[in-house]
Amino acid sequence: MERAVRFIILSVVFYVSQINCQEAILHISNERTNREYCIVYNQSWTPVSQTFDKATQYPLVNMTSTVLCDTSGVIPAVVKGKALVVMRGDCDFSQKAQVAQSLGATTLLIASKTLLITPSANDSEYAKVTIPLALMRYRDFIEAQQVFSEGMQVKLYAPTYPKIDVSLVVMLLIAMVTVTLGGFWSGACERDRMNGDGDRGESKADPKELFLYSPLKVVIFVVLMCGMLVLMYYFYNVMVYFIIVIFCLASASALFSCIDAVMEILSCPSGSFSIKSCNFSVRSLILAAVCISIAVVWGVYRNEDRWIWILQDLLGVAFCLNFMRTVSLSNFKICVILLSLLLLYDVFFVFITPFFTKNGVSIMVQVALGPEASGEKTQGNMVAVPAEPQAPSEKLPVVMRVPRFSAWAQNLCGMQFSILGYGDIIIPGLLVAYCSRFDVWVNSSKKVYFISCCIAYLLGMIVTFAVMLLSGMGQPALLYLVPFTLITSAVVAGCRGEMRLFWAGTTYMVLDSSREPLLPEGRTDGYIGETC
């Protein structure tokens with residue numbers, strides 16, 4: 001009985017989560033080959049089959065020499081029982097469809113040289129049209145003519161796709177792996193510092209790292225972030241290239257650090273040679289060349305949506321990992337201040353700024369996606385797809401991007417992506433990294449703080465995706481991630497009786513101070529030992 005209830009619930013959820021869209025697929029074939037093209041239709045007016053197997057195949061008749069506003073010049077015997085393709089213009093969609101019906105046509109395709117929009121008509125006209133009606137790009141039809149020449153057979157179908165796309169699972173996996181590895185790396189570096197690498201147990205703060213130990217520094221950091229976001233909003237066309245160059249340099253350096261650390265763990269030989277008393281590592285030179293090449297390839301092909309997202313995500317993961325390793329929060333108080341301020345920052349720029357912008361789009365979304373992002377535009381149940389190739393619009397490399405694999409028809413019309421900002425990984429990741437370091441300070445062999453914070457981050461991401469799917473709109477992830485991670489970390493510290501230690505942490509204000517573990521494993525009393 002319990003299994004049956006579970007099956008029914010899952011079936012209902014799966015059924016409800018299926019989405020019918022206004023984009024469909026035009027399958028053209030002959031005896032030798034086949035191609036698929038984007039079409040736009042109105043599923044509430046002239047629905048088509050949802051699967052390829054159930055779709056009816058018809059011969060295609062080329063009538064692009066006419067707009068088919070009347071029957072003049074058309075021989076009914078030529079078009080009867082066939083699909084027609086005519087040009088857009090001169091009369092509305094319903095008139096063309098009614099003329100095609102009177103001639104005995106089974107399907108009407110309207111070739112357009114302008115923006116493809118969801119076809120519609122007056123309410124009184126809807127019932128008069130009974131055949132499938134869709135718009136296609138004129139350039140797609142010209143390409144099909146070149147490929148097939150003659151004897152074209154067509155099928156129209158509009159596959160549904162699940163609301164819970166595979167891309168969300170991939171995005172969740174990317175975020176979790178990055179946060180977990182970044183936290184683990186930060187803890188491992190802290191352990192190495194405390195061990196002193198054999199230097200009589202002394203540990204020093206790495207001068208290459210940035211330690212946030214002052215609330216004033218945190219406030220300045222957040223203010224600078226706000227200022228940078230506003231600058232990018234108002235001067236996007238200039239700032240975007242500056243950010244792209246910075247990203248290429250920073251991500252290449254970060255990728256080098258990540259791979260070099262892995263090669264150190266694997267004890268890969270470095271090999272060295274000298275030129276004029278200067279020592280060079282063969283491994284480092286080869287690795288640097290590879291990392292720079294990857295960044296350059298991304299920079300050159302950054303607007304190629306079909307595959308460049310893989311390189312952007314690779315460089316983004318490396319950037320986030322290196323940021324979590326090199327920027328350290330000294331105590332839980334700093335974590336609370338930073339994450340709380342950035343939570344307000346995220347909510348303000350996502351939910352509040354639409355009331356002040358001219359187009360009603362939040363500053364955060366417009367900066368992340370670009371003010372002139374090409375591709376498919378949606379508004380309610382209507383869609384608009386460019387009929388001609390659009391000039392690539394520059395986008396800031398500040399998000400992880402994963403294609404919506406299930407939205408096949410939508411991807412034919414224009415690649416659709418699920419996105420997650422780097423900040424939604426880095427900001428909670430800094431707290432995860434602090435928890436990992438605190439486990440080292442208190443000699444926690446079970447890594448209680450680190451594991452608990454990672455689990456909290458996972459639950460926060462799941463809630464973020466759930467709210468996004470239920471509301472049908474993007475969410476500021478920090479709105480859910482910050483409470484989950486902060487509250488969980490505080491509860492763990494309280495339950496272990498280490499809240500005072502967890503809150504105070506350490507400061508690194510003097511670089512030559514030696515530090516011992518704050519507490520041996522199992523002890524929960526006492527204060528932080530003498531620190532500088």
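I take contact to mean heavy atoms within 4.5 Å. I also take helices (H or I, at least four residues) and strands (E, at least two) as DSSP runs, numbered from the N terminus.

**Entry: ground rules**

I noted that this is a predicted model, in which local features need pLDDT of at least 70, side-chain atom pairs count only at pLDDT 80 or more, and totals for chains, interfaces and linings use all residues. Residues are numbered from 1 along each chain as its sequence is written, and side-chain values use heavy atoms, with hydrogens and water left out.

**Entry: α15 and α16**

I looked up which residues of α15 meet α16 (residues 478-495). On the α15 side I listed Val448, Tyr449, Ser452, Cys453, Ala456, Tyr457, Leu459, Gly460, Met461, Val463, Thr464 and Val467. On the α16 side I listed Tyr480, Leu481, Phe484, Thr485, Thr488, Ser489, Val492 and Ala493.

Two packed helices are described by the angle between their axes and the distance between the axes. Axes here are lines fitted to C-alpha atoms, for helices over the stretch in contact, and angles run from 0 to 180 degrees between N-to-C directions. For α15 and α16 I read an angle of about 150 degrees, with the axes 8 Å apart. I recorded the crossing of α15 past α16 as right-handed (the near helix is turned clockwise from the far one by less than a right angle).

**Entry: cysteines**

Cys453 is buried, with a relative accessible area of 1% (buried is under 20%, exposed over 50%, partly exposed in between, with a 1.4 Å probe and protein chains only). Cys189 is also buried, at 17%.

How many disulfides does the rule give? I got a count of 1. The disulfide joins Cys69 to Cys91, with S to S 2.1 Å. Cys69 sits in the loop between β4 and α2, and Cys91 in the loop between β5 (83-87) and α3 (93-102), so the pair links distant parts of the chain, 22 residues apart. The torsion about the S-S bond is about -95 degrees, so the disulfide is left-handed. Both Cys69 and Cys91 are buried.

**Entry: positive phi**

I found a positive phi of about 55 degrees at Leu68, which is not a glycine. Leu68 lies in the loop between β4 (58-63) and α2 (76-79). Leu68 is buried, with a relative accessible area of 0%.

Asn443, not a glycine either, has a positive phi of about 55 degrees. Asn443 lies in the loop between α14 (423-441) and α15 (448-471). I noted Asn443 as partly exposed, with a relative accessible area of 40%.

**Entry: the barrel**

I traced a closed barrel of 7 strands, β2-β3-β8-β6-β5-β4-β9, with mixed pairing (two strands pair if DSSP finds at least two bridges between them). The twist averages 40 degrees from one strand to the next. Strands β4 and β9 (residues 153-157) run antiparallel and are joined by 2 bridges. Pro59 stands opposite Gln153 in β9.

I then looked at helices on these strands. Helix α3 lies across β5, β6 (107-112) and β8 (133-137), at about 140 degrees to β6. Helix α5 (residues 138-148) lies across β2, β3, β4, β5, β6 and β8, at about 160 degrees to β3.

Methods:
A disulfide is a pair of cysteine sulfur atoms within 2.5 Å.
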